[in-house]
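This report looks at a few charged pairs and one further residue. Please keep the sequence and the structure in view while reading.

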Amino acid sequence: MARKNTSAEPTGAGGGAGAPGGPAAPTPWARLGRRLAALWPPGRAERGLVAMALADATGTGAFLSVSVVFLTRSVGLSASQVAVGLSLAAGVGLVTTVPVAMVADRFGPRRLLVLVTLWRAACFVVYPFVPDFTSFVVLMVLMGLVDKAAAPLGQVLVGMAVPEDARVRTMAVMGAVRNCGYAGGALLGSLALLVDHWSGYAAVILANAASFVGLAVIAGRLPLRPGATADASRLRRTLSFDVFKDRPYVVLALLNGALTMHITLLSVGIPMWVTQESQAPRSTVSAVVVLNAVLAVLFQVRASRGAEELPTAARLMRTAGLALAGCCVLLAAVPRLPAVPAVAVLLASAVALTAGELLQSAGGWGVSYGLARKGQESAYVSLFWLSVGLQQIIAPLVVALVVSRGALAWLLVGAVLAAAGAVAPRSVGWAVRDRETQRHRHDEEN
């Protein structure tokens with residue numbers, strides 16, 4: 001945008017951006033390009049982490065775009081058989097997430113992340129050659145053993161590679177890059193859908209396996225902060241379930257899980273509401289998804305500012321609850337509106353939902369990092385991620401009920417989300433006081 005003229009600046013031709021002979025004002029696309037370029041960090045460790053996020057998201061985006069079609073058209077499975085396999089994988093993943101993290105605290109998070117990533121790569125190498133339903137279920141269970149543990153282990157690795165005051169920002173940059181990777185991967189997957197042949201689907205799935213191998217190589221070579229690599233004497237010698245006894249942290253994990261309902265609202269709630277209860281065209285769903293992705297790329301880093309400090313992270317979670325509540329209020333108003341106003345309100349609800357998503361992500365990262373106990377970081381962060389998995393199981397059922405009940409149900413959900421956010425700062429204060437009490441007790445005993 002051109003600057004305003006001041007007394008120290010000449011006016012007239014050539015005196016400002018956009019004037020004849022002067023520098024042209026940057027276009028929106030140019031500004032977007034600069035914003036995306038700024039996501040690429042200068043440090044070697046940060047660049048490695050961003051490269052890991054990009055490789056993971058691109059491969060996953062390509063795989064997700066073809067996986068169901070491959071299983072139904074090439075393998076010959078029914079939709080219900082695919083659903084059974086995916087549900088089993090999700091259930092196994094919920095059970096194993098924290099135990100795998102405990103093993104990571106025992107043997108080292110980076111070492112286990114590399115093993116988990118190579119395990120996933122091996123599963124995807126086998127994936128294109130699945131012949132029937134039984135082998136598909138076995139493969140899904142094997143994948144589920146480690147699948148949900150990968151994300152929290154990756155977050156712990158970020159904490160080992162970058163300074164404490166840069167952890168949340170790095171996670172935010174990785175989140176923005178992931179959105180780009182998912183979009184690019186989906187575009188690559190669409191090429192296989194055009195071919196609609198086993199060879200095309202197999203190529204995409206094997207490329208996803210290759211992306212995991214590359215991710216493992218980067219993780220294994222990633223430079224870590226001095227002191228972040230624990231030697232054998234500092235690693236835990238037993239698997240501890242103390243994380244489940246930390247009541248303030250468990251409460252915060254559950255609150256964070258409730259706020260991650262934005263995932264289901266975007267993928268299930270808004271599409272169902274648009275198609276069943278609004279007069280907006282169905283294409284509005286695509287517009288909402290695209291708007292969410294663009295806003296996430298542009299503003300995830302900005303939304304994370306200050307989240308390294310626990311009070312700020314707690315406030316971000318509180319504001320996230322209010323934003324998601326605003327989204328629900330807007331959705332409640334949609335059925336009574338004609339098509340054009342309904343589209344406008346749905347787009348406004350997408351903005352509110354994205355604000356809640358970005359603030360919840362930043363606040364959750366800050367809280368999960370700031371309150372994790374030394375030596376048990378993997379288990380603590382994994383507990384936070386476990387609540388997200390629970391949300392992904394429970395929330396679709398809740399959203400389906402809400403859509404069937406109408407506007408008042410949306411208002412009730414909004415109130416619950418606002419309350420969850422409001423409780424977060426008090427729960428963070430409880431957790432801090434609990435840690436101070438235990439520290440004083442330990443000092444007195446020694």
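## A charged network

At 21% relative accessibility, Arg373 counts as partly exposed, a class between buried (under 20% relative accessible area) and exposed (over 50%), using a 1.4 Å probe and protein chains only. The model is predicted: local features need pLDDT of at least 70 and side-chain atom pairs pLDDT 80 or more, while totals for chains, interfaces and linings use all residues. Residues are numbered from 1 along each chain as its sequence is written, and side-chain values use heavy atoms, without hydrogens and water.

Arg373 forms a salt bridge with Asp434, with the closest N and O atoms 3.5 Å apart. A salt bridge here is a side-chain nitrogen of Lys or Arg within 4 Å of a carboxyl oxygen of Asp or Glu. Asp434 is partly exposed, at 22%. Salt bridges with shared partners join Asp246, Arg373, Asp434 and Arg435 into one network.

Asp246 pairs with Arg435 in a salt bridge, at 2.6 Å between the closest N and O atoms. Asp246 is buried at 3% relative accessible area, and Arg435 is buried at 11%.

## Another salt bridge

The structure holds 6 salt bridges. One of them joins Asp147 and Arg120, whose closest N and O atoms are 3.1 Å apart. Asp147 is partly exposed at 32% relative accessibility, whereas Arg120 is buried at 13%.

## A buried leucine

Leu222 is buried, with a relative accessible area of 4%. The C-alpha atoms of Leu222 and Leu49 are 8.0 Å apart, although 173 residues separate them along the chain.
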